[in-house]
Amino acid sequence: MNAEKIVLVADADQARRQALIDLLAADDYVVPVASDGEEALLKLEGGQIDLVIAEEDIPGMTGRELLWECVRRWPGLPFIMLTGSGTVRGAVAAIKDGATDYLTRPVDGQELLRGIARILAASGGRTWASSGNLLTEELWGGKSPSMQRLCKLIERVAPTEATILLLGESGTGKEKIAGLLHRLSQRSRGPLVIVDCGSTPSTLLESELFGHAKGSFTNAYKDKKGLVAEAHGGTLFLDEIGNISSEMQLRLLRFLQERKIRRVGDLAETAVNCRVIAATNADLAELVRSGEFREDLYYRLKVITIQVPPLRERKADIPVLAERFLQLFAEDGPLSRLDAEVAEAILDYPWPGNVRELRNMLEAAVILSSDGLIRLEDMQFEDSFDDTPLPGNLLSLAGSEKQVVLNALERSSWVVKDAADLLGVSRRTMHYKIKKFQIDTAKRSA
């Protein structure tokens, strides 16, 4: 049954439109319709759509232009193009532009239904809606207020040409956000060129960014096109921009002012039309105050500033992220689960490495877990997180921290949860103390 699947039909011809409505409705699809491209876009923006069937020759925005908008705003949305005068060249062009299929009328109804069923099955049951929902899906979270604000800001600024500065700690997903800004922009059909300024030696960065002419320095055996020129027509993402040298800051400033580059060892200038997105985990404002970063470049980069929140400030997203990562790691095996203590611990942990640390720790825990249930001992938290000091009055009475732990366990009949409650610490901390002092609770409680 396809009662929950929504197929949008865009065709100016009422008879053809009605024929598709009858065919799809008979197979239990929900079928909204549009008579032109603009109306189809309104339908897409207004609600979830699973698949689009569009006539190539529709008034206003053509079927091909509608396809381009869908690829830009809803990447991966299944799209079937219909035409009355199909050619091999036209089919190849449509598929290259992002269409899932390209069919020439007259189309066999049953074959069309079978094709739709195959396409929807291949999409994994995912539904598609506005770019706001795409952002929530792509950023794997979005329940916390800070991420809701971030999604709204991305949706608002992505279609513009403004230079954007992404600020946030390492591991918060700045590169992923840069990719989304590109995909939702008017330049999505152009390249997204990523430059890791932090890992590229300063002696090589100039050549990497701006290219060089043959013979301009030792080992320059041929002309090289720089990454800035490669980004022409698309987006240039400069990651870890706070690490570049003062000389490179000046060259980058000139490019942002003039939108022209000159290769190393060359006299001619080349115009480059690209959007620039920069990112850093450094405090650029402080670097400006200390004289380590040019103030004029800083203001050129921060036309729009997006602050990416750390994971500890978006706790509502942690369970969602954890579930997604566990599903990702279960592709070739059974799905692992978190026990109650781990589910509590991941909310308390400060996640200094942010989303990247959460992913890596869960990946390791899936490997370390023996039965598919992830326990505290499978999670490689930093020791300082679990080593909460015990109350000083208990230490003065017992003489040592280990003895305090032993006394609490003995008084609680070696039930770890009860011992933790007795000491006023979390179960996670109690497990850490037991591990730290090599106390065998299994033998004692037997």
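The legends below describe close-up views of a predicted model.

**Figure 1. The aromatic pair of Tyr349 and Phe381.** Five aromatic pairs are present in the structure. In the pair shown here, the ring centres of Tyr349 and Phe381 are 4.7 Å apart and the ring planes meet at 50 degrees, so the pair counts as tilted. The angle falls between the two cut-offs, because planes under 30 degrees apart count as stacked and planes over 60 degrees apart as edge-to-face. The two residues come from distant parts of the chain, 32 residues apart. Tyr349 belongs to the loop between α15 (340–348) and α16 (354–368), and Phe381 belongs to the loop between β16 (373–374) and α17 (383–386). Tyr349 and Phe381 are both buried. Together with Trp351 they make up one aromatic cluster.

**Figure 2. Arginine charges over phenylalanine rings.** Arg251 places its charged end over the ring of Phe210, at 4.2 Å from the ring centre. Arg259 does likewise with the ring of Phe255, where the distance to the centre is 5.5 Å. Arg259 is partly exposed, because its relative accessibility is 26%.

**Figure 3. The salt bridge of Arg16 and Glu55, and its network.** Side chains of opposite charge can pair when their charged atoms come close. The whole structure contains 17 salt bridges. In the one shown, the closest N and O atoms of Arg16 and Glu55 are 4.0 Å apart. Arg16 is in helix α1 (residues 14–26) and Glu55 is in strand β3 (residues 51–55), so that the pair links parts of the chain 39 residues apart. The two partners fall into separate accessibility classes: Arg16 is partly exposed at 26% relative accessibility, whereas Glu55 is buried at 4%. Both residues belong to a network of salt bridges that also takes in Asp11, Asp13 and Arg105.

**Figure 4. The salt bridge of Glu161 and Arg187.** The N to O distance between these side chains is 2.7 Å. Both partners lie in loops, 26 residues apart, and the pair links distant parts of the chain. The loop of Glu161 runs between α7 (145–157) and β6 (164–167), while that of Arg187 runs between α8 (174–183) and β7 (192–196). Glu161 has a relative accessible area of 44% and is therefore partly exposed. Arg187, with a relative accessible area of 10%, is buried.

**Figure 5. The salt bridge of Arg263 and Asp223.** The two side chains meet with an N to O distance of 3.8 Å. Arg263 is located in the loop between β11 (260–261) and β12 (270–271), and Asp223 in the loop between β8 (211–212) and β9 (224–225), so the pair ties together parts 40 residues apart in sequence. Arg263 is partly exposed at 24% relative accessibility. Asp223 is also partly exposed, with a relative accessible area of 48%.

**Figure 6. Packing of helices α19 and α20.** Two packed helices are described by the angle between their axes and the distance between the axes. For α19 (residues 401–411) and α20 (residues 416–423), the angle is about 120 degrees and the axes are 8 Å apart. This angle makes α19 oblique to α20. The crossing of α19 past α20 is right-handed.

Figure 7. Most residues other than glycine have a negative phi, and most peptide bonds are trans. Pro106 is part of the loop between β5 (101–104) and α5 (109–122). Arg259 lies in the loop between α11 (246–258) and β11. Asn354 is part of helix α16, and it is buried, with a relative accessible area of 0%.

How values were computed: Residues numbered from 1 in each chain as written. Predicted model: local features only at pLDDT ≥ 70, side-chain atom pairs only at ≥ 80, totals over all residues. Heavy atoms only, no water. Phe/Tyr/Trp six-rings, centres within 6.5 Å; stacked < 30°, edge-to-face > 60°. Helix = DSSP H or I, 4+ residues; strand = E, 2+ residues; numbered from the N terminus. Buried < 20%, exposed > 50% of the residue type's maximum accessible area, 1.4 Å probe, protein only. Lys NZ or Arg CZ within 6 Å of the ring centre and 35° of its normal. Axes fitted to C-alpha atoms, helices over the stretch in contact; angles between N-to-C directions. Parallel < 35°, antiparallel > 145°, perpendicular 65-115°, else oblique. Left-handed = near helix turned anticlockwise from the far one by under 90°.
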